[in-house]
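Hello,

Here is the structure for you to look over. My notes follow below it.

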Amino acid sequence: MVFASQEFLLFLSVVLTLYAIATARSAAAGRSLLIAASLFFYGYWKPSYLVILVVSICANFVIGNRIRNTHGTRAATAWAFIGIAGNLGLIGYYKYFAFLLDSLNRFGQQAFEIPDIVLPIGISFFTFQQIGFLVDEYKGKVGIVRFADYFLFISFFPQLIAGPIVVQSDMLWQLTRRKDWRLRSRQLALGIALFTVGLFKKSVLIDPQVPHIDLVFEHAAAGNAVSFYDAWVGALGYSFQIYFDFSGYSDMAIGLAFLFGLRLPINFFSPYKATSIRDFWRRWHITLSRFLRDYLYIPLGGSRHGFARTACALLITMGLGGLWHGAGWTFVLWGIVHGALLVLEHGYDRLLKPSLARAVAQIPGAGSAIALSAYRALCIAVVFVVVTVAWVLFRAPDLLSAFAMFAGMFGATDVASISEADGVAEKIPLYLMIVWLAPNAAQMFRRFEIALNADDYFDRERPLVPDRLWTYGLGVRWAVVTAIAFVIDWSFLSDLSPFIYFQF
């Protein structure tokens with residue numbers, strides 16, 4: 001059930017109504033009702049896959065208890081291994097088994113029959129959550145957890161399908177301490193407002209342009225050469241599509257959770273304002289970056305054992321991060337490209353950046369500040385272009401169509417452009433102004449602590465427009481703005497494209 005749909009808004013209206021009635025009679029009834037709503041939400045698409053979700057949750061809860069009860073013994077290690085292997089086996093079969101057989105057929109000259117396996121929606125997210133839970137149990141970071149709290153922690157519908165990837169330290173303490181689950185008018189107002197902002201990004205800003213963006217990539221996938229103009233318009237268009245699509249989803253998820261008095265971690269903070277690839281990953285899909293850092297990069301050695309070990313850890317982490325996004329060589333290569341860029345940045349930081357910083361500091365008067373500002377602007381522009389080029393691998397259905405796009409982007413073709421790309425090109429200046437100059441949703445709602453860990457990001461930069469124009473407030477003016485925006489969103493709801501991260 002897609003957030004940006006009339007079906008979901010009807011579902012949400014019914015859930016809020018039943019929730020208000022139930023919690024008015026019993027302040028503790030909210031937990032059970034949210035579990036029931038989450039199960040209905042997940043089973044709406046394919047009810048049979050509810051079995052996978054429920055069995056996975058039950059099995060991981062039991063294994064987590066076994067790890068806790070045998071903490072510090074070999075039995076705990078064995079249970080942790082069984083649990084992690086089971087989760088990886090589950091996601092490996094549904095997401096990667098067909099990809100593995102197809103790769104063996106292509107490169108190993110085999111003739112395996114490719115099974116038709118339907119990917120359970122959200123499996124990458126709830127599997128990662130449960131692996132993180134088991135690892136934290138093994139490290140002794142988790143106390144006694146009630147089954148109902150654990151079940152809701154994994155199945156909570158605002159984050160079940162496409163994140164944020166919530167770890168136990170984000171959510172379990174909120175659930176275990178919660179006694180009164182009744183709705184609050186302040187939470188409803190703020191949650192609806194943030195949900196409306198996210199829905200506006202998806203339905204109004206970018207979705208009308210998606211068919212034209214798709215047309216460029218479909219043109220390349222059909223084996224056609226792509227012009228320089230079309231290739232760049234398609235690449236830039238997709239760069240903005242995934243930005244508004246995913247940031248919009250993240251806003252909606254956080255807003256939905258806050259309706260019920262729960263806070264999800266911030267997952268998106270103006271990544272196209274990043275001054276480096278490292279900074280980009282601190283702003284883009286923040287919870288995935290945190291998971292890969294804590295559960296993969298640091299155990300591989302991180303940055304503590306010399307440059308060569310760091311480079312290997314980065315390449316492995318980002319390669320697997322790319323594979324997590326999708327079962328395809330384009331995703332793997334996309335991850336490796338980002339890993340290689342991070343390695344280059346580490347080398348730059350060690351060899352060149354200190355000398356450049358000293359040279360800028362020696363510029364007399366105001367020249368130093370001007371040079372620093374110009375350097376920052378240049379870094380933002382370069383990172384944006386590099387990330388945009390890499391997004392082609394992420395979007396292209398196969399390597400051949402990706403290389404066709406690259407050939408056009410780097411001037412290796414001489415063909416006419418397709419007129420459908422013009423509509424996207426006209427929107428690019430507007431999109432650049434929004435991603436570089438406008439406040440993000442976390443900044444708009446910074447007064448109210450809607451998301452977890454948001455304070456870590458607020459001091460990075462301030463929007464150029466005055467605070468009073470964009471800082472959300474609980475008053476008539478902002479209520480009217482929210483109502484108008486919601487009506488506009490509603491008018492765009494028919495025939496929207498699925499969220500990009502739903503496929504992962």
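**What was found**

At 43% relative accessibility, Ser169 counts as partly exposed. The class runs between buried, under 20% relative accessible area, and exposed, over 50% (1.4 Å probe, protein chains only). Ser169 belongs to helix α8. Helices here are DSSP runs (H or I, at least four residues; strands are E, at least two), numbered from the N terminus.

Before going on, two notes on the source. This is a predicted model: local features need pLDDT of at least 70, side-chain atom pairs count only at pLDDT 80 or more, and totals for chains, interfaces and linings use all residues. Residues are numbered from 1 along each chain as its sequence is written, and side-chain values use heavy atoms, with hydrogens and water left out.

**Asp170**

Asp170 also lies in helix α8, which spans residues 168-177. Its relative accessible area is 5%, so Asp170 is buried. Contact means heavy atoms within 4.5 Å.

**Aromatic pairs**

The structure holds 61 aromatic pairs. Rings of Phe, Tyr and Trp (its six-membered ring) pair if their centres lie within 6.5 Å; planes under 30 degrees apart are stacked, over 60 edge-to-face, and the rest tilted. Phe133 and Tyr150 have ring centres 4.6 Å apart and planes at 50°, so this pair is tilted. It links distant parts of the chain: Phe133 is in helix α5 (residues 123-138) and Tyr150 in helix α6 (residues 147-155), 17 residues apart. Both Phe133 and Tyr150 are buried.

Phe240 and Tyr272 make an edge-to-face pair, 6.4 Å centre to centre with 80° between the planes. Phe240 is in helix α11 (residues 228-259) and Tyr272 in the loop between α11 and α12 (277-283), so the pair ties together parts 32 residues apart in sequence. Phe240 is buried at 0% relative accessibility. Tyr272 is buried too, at 1%.

**Charges over rings**

Lys95 lies over the face of Trp324, 5.3 Å from the ring centre. The charged end of Arg178 sits over the ring of Trp181, 4.5 Å from its centre. The test is NZ of Lys or CZ of Arg within 6 Å of the ring centre and within 35 degrees of the ring normal.

**Leu262**

Which loop holds Leu262? The one between α11 and α12. Leu262 is buried, with a relative accessible area of 0%. Not counting residues up to four places away in sequence, Leu262 touches Phe156, Met171, Gln174, Leu175, Arg178, Trp181 and Ala257.
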